[in-house]
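These are notes for a colleague who is opening this structure for the first time. Please read them with the model on screen.

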Amino acid sequence: MAQLPDILFYVFAFLTLACGFLVVLNPFSTNPVTSAMFLVLTIGSLAGLFVLLHAFFLAAVQILVYAGAVMVLFLFVIMLLDLPAEERRKVKKAGLVLGLISVGAILTIMLQSLLQSSFSSEAAPTLEGSTIPLGRLLFTQYLLPFEIISVLLLVAMVGVILLSKKDLK
Amino acid sequence: MTPLNGYLLISALLFAIGLAGAVTRRNAIVVLIGIELMLNAANLNFIAFWRFGPQPEAQTGVIFVLFSIGIAAAEAAVGLALIISIYRHYKTTDLDRIDSMKG
Amino acid sequence: MGYEREAGGRGMSYLELLNLAAPEAIIALAALAVLAADMFALRELELHFRLAISAMISCVGCVAAIGWMLALPEHGNVMGGIFIVDPLGQLVKIGLLVLTLFTILISLESNFTVHAGEYFALVLLATAGMMFLVSTADVLMIFISLELTSLSLYMLTAFDKRDVQSAEAALKYFLFGSMSAAFTLFGLSLLYGLSGSTSLEQIAASIRGPRLDPLLVLALVMTVIGLGFKVAAAPFHLWAPDVYQGAPAPSAAFIASGSKVAGFFVLARVMATGFKGAEGSGAWHGYLPGWVPLLAVLAGLSMVVGNFAALVQTSVRRLLAYSAIAHAGYMLIGVLAYGGSGLASLLYYSLTYGLTTLGAFGVVAVVQQQTGGDRLSDFAGLSRRSPGLAICMMIFILSLAGIPPLAGFVGKFYMFSEVLRPGSPGMGLLWLVVLAIALSAVSLYYYLQVLKQIFVAPSPGAGTWVSVAPVTQQVVLGALALAVLLLGCFPGWLVQRLAGAMAPG
């Protein structure tokens, strides 16, 4: 049964990439809702990969925060604005081709450097119950970043309320 | 192929998919979704490096991802608010039509 | 139990952290105070008073933070590089606070929003982000504070809700910004993978030998994309013209000044500390891969794109934007002079540039409020409408062009001579300096174009004879112009401080 994680790895990897691909290029629909729903699936399969990597807490956070909160926000805004599907009109060919070429170039460089570099990667010893040290680190070593995140959330909150509220005159 | 390389490969591909979406799609919301994919790819990198790295007990990679998820959430909220405010003016989120400034 | 020991051992550092990070905390508290005051006490007052009271609270916060910083010890390092205090960083933070003060003061007469409290709170929180950015040697903190700054600046760009251009500029800024943040995060993840740590020194320690790991090169490029966006270097500058044109004038001024100073400082720190050992060489016949040739190319590109695109602009704000891109190119040359007092020259340049561009935007804001536009023709005859303003603008523009004896000239001279100093790592970059000087000559054309409108072109009809600018604006802009003039005539004051802070000890 040692093979199970390997099989799961391939399943989740395939799901992640396939759903990710359908997020940006769906041959059947250009509706933003479809993109958002496939993003949920991508996030879910990524959480599966996190579990395979023994990052259990993060897998939970990924589902709760991303698939739960962020995606609901996305869907809410899409529904609120009642966006139509992207029109299938003459796209600017030059821009599209240029974009795809640059993406392709970046991808090639990434894959090349990945294949050339050498990591001494032995499977790490199994880590269990990593949430307690995580919590402790958050309030010792990483206290300052933690506090800054709270300020950052304040900025987001103030800004979002300000921008999306209609000014009453 | 070592397991680490497998994960890095997935994350590189996911990053490229997200970038392609962000560069080629014209709907601002879908562009934002593409950017979320790119951020997620980076997160996967962090966790893979943490798991197979020299000192997993230091938890650095996990902490980084935790913060990055928080930031991504705030960023998405801000982005969507900006999209709402642009929608008020243009009644569209199509980036090709949002071009009042020249240069 | 290992955890207890760890927590116990670090127990003392909480107090130390609170003491060292108090300036940032004061700024954040001032932001909260402004928000609270606006919510509970100021709602019913006239906009003018709300702006004045909020600005006063903000200014008190900035001054208190500067005061606290003067009393701090010169060196400090808590939690393994998460928060560090060093003399140079302190000077930069004081510079940032001064820029923030002036930003607040030039916002005093603005009428683009009724949300005075939120506006000043976001300015302060952006400043806090920049201060954290300056005082860390850890990529996790760099990423978080970069995002704090960026998110606040997106909001400040979108602040004029009635204006289409403001919203549009903010959306473009946001989309480019978060894309480059994703690049940065990916690059940082590779750096973490290569070194197993997020501390810049540990990352540098993992770089061994002259042959660079291909992943390191990838990480380098992706990090540079993110930071290059922040400082508006070509080819990551596409957002800058729209943001400078569309954002409310004080926001644009803040983005052009404070955010640029912090951006360049952190760029120089990441490159010189984090990629130490991966410099490579950008010399004409001695190319070696590394960050020096990469930044040299960006510098050349920024100067060319910025200067030539500025030639054809008719909007003064867009002109300033392209000139900012060109200046980013000059400042990248300063980053390349990373050894010795090279960093001091870069900081002198960026701080004086910040003051100058703040002033220029301040004048544009006044003119725009009076004439309703920022076209070159809106400046026609400014010297007769309000001579004081015209003279201030002349000082700013000439300093940007690098005319002696103004600060812009001293900055360029100091920085270029640092790069070419014998023994400097940038010694092989003569080609870049020659290019910079040649393009500075080109830039004279468009800068003088603005001055020609102000001083020579006839005023368009008597109908536009408007009252002079508000007194506070005149005083603030005059103070900025005086600072630019004095820093140019007596550069030793700031230079000595910066060079002294560079000295090891």
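1. A definition comes first: a residue counts as buried if 20 or more other C-beta atoms lie within 10 Å of its own. C:Met79 has 21 other C-beta atoms within 10 Å, so C:Met79 is buried. Note too that this is a predicted model.

2. The backbone at C:Met79 also deserves a look. C:Met79 is not a glycine, yet its phi is positive, at about 55°. The residue sits in the loop that runs between strand S1 (76–78) and strand S2 (83–85) of chain C.

3. B:Gln59 belongs to the loop between helix H2 (28–52) and helix H3 (60–90) of chain B. Because 21 other C-beta atoms lie within 10 Å of B:Gln59, this residue is buried.

4. Next, the cis peptide bonds in chain C. One joins C:Ala234 to C:Pro235, with omega at about 0°, and C:Pro235 lies in the loop between H10 and H11 of chain C. A cis peptide bond also links C:Pro404 with C:Pro405, where omega is about 5°. The loop holding C:Pro405 is the one between helix H17 (387–401) and helix H18 (407–420) of chain C.

5. Chain A has six helices and zero strands. Read from the N terminus, its elements follow the order α-α-α-α-α-α. Chain A has 169 residues, and 31% of them count as buried. For contacts in chain A between residues at least 6 apart in sequence, 59% join residues at least 24 apart.

6. The domain assignment for chain A gives domain 1 (1–85) and domain 2 (131–169). Taken over C-alpha atoms, the centres of domain 1 and domain 2 of chain A are separated by 24 Å.

7. On the contact between chains B and A: 56 residues of chain B meet 63 residues of chain A. On the chain B side, helix H1 (3–24), H2 and H3 of chain B are the elements that give two or more residues. Which of the elements of chain B gives the most to the side that touches chain A? It is H3(B), with 20 residues. By class, this side of chain B has 40 nonpolar, twelve polar and four charged residues.

8. On the contact between chains C and A: chain C contributes 33 residues and chain A contributes 23 residues. Helix H1 (2–9), helix H6 (116–134), helix H7 (139–157) and helix H10 (214–230) of chain C each supply at least two residues of the chain C side. H7(C) gives the most to that side, with nine residues. The residues of the side of chain C that touches chain A comprise 24 nonpolar, three polar and six charged.

9. Two helix pairs in chain C follow. Two packed helices are described by the angle between their axes and the distance between the axes. Helix H11 (residues 239–246) and helix H14 (residues 316–336) of chain C pack at about 140°, and their axes are 8 Å apart. That angle makes H11(C) oblique to H14(C), and their crossing is right-handed. On the H11(C) side the residues are C:Ala240, C:Pro241, C:Tyr244 and C:Gln245, and the residues they meet in H14(C) include C:Arg317, C:Arg318, C:Leu320 and C:Tyr322. The contact of H11(C) with H14(C) has eight nonpolar, one polar and two charged residues.

10. In the other pair, helix H12 (residues 249–274) and helix H15 (residues 342–371) of chain C pack at an angle of about 170°, with axes 7 Å apart. H12(C) is therefore roughly antiparallel to H15(C). By class, their contact has 17 nonpolar, seven polar and one charged residues.

11. Finally, C:Cys489. This residue lies in helix H20 (residues 471–489) of chain C. With 13 other C-beta atoms within 10 Å, C:Cys489 is partly exposed. C:Cys489 and C:Tyr287 are 202 residues apart along the chain, and 38 Å separate their C-alpha atoms.

Key:
Residues numbered from 1 in each chain as written. Chains lettered and ligands numbered in written order. Predicted model: local features only at pLDDT ≥ 70, side-chain atom pairs only at ≥ 80, totals over all residues. Axes fitted to C-alpha atoms, helices over the stretch in contact; angles between N-to-C directions. Helix = DSSP H or I, 4+ residues; strand = E, 2+ residues; numbered from the N terminus. Parallel < 35°, antiparallel > 145°, perpendicular 65-115°, else oblique. Left-handed = near helix turned anticlockwise from the far one by under 90°. Contact = placed C-beta atoms within 7 Å. Nonpolar A, V, L, I, M, F, W, Y, C, P; charged D, E, K, R; others polar. Domains from an automatic or database assignment. Buried ≥ 20, exposed ≤ 12 C-beta atoms within 10 Å, placed from the backbone.
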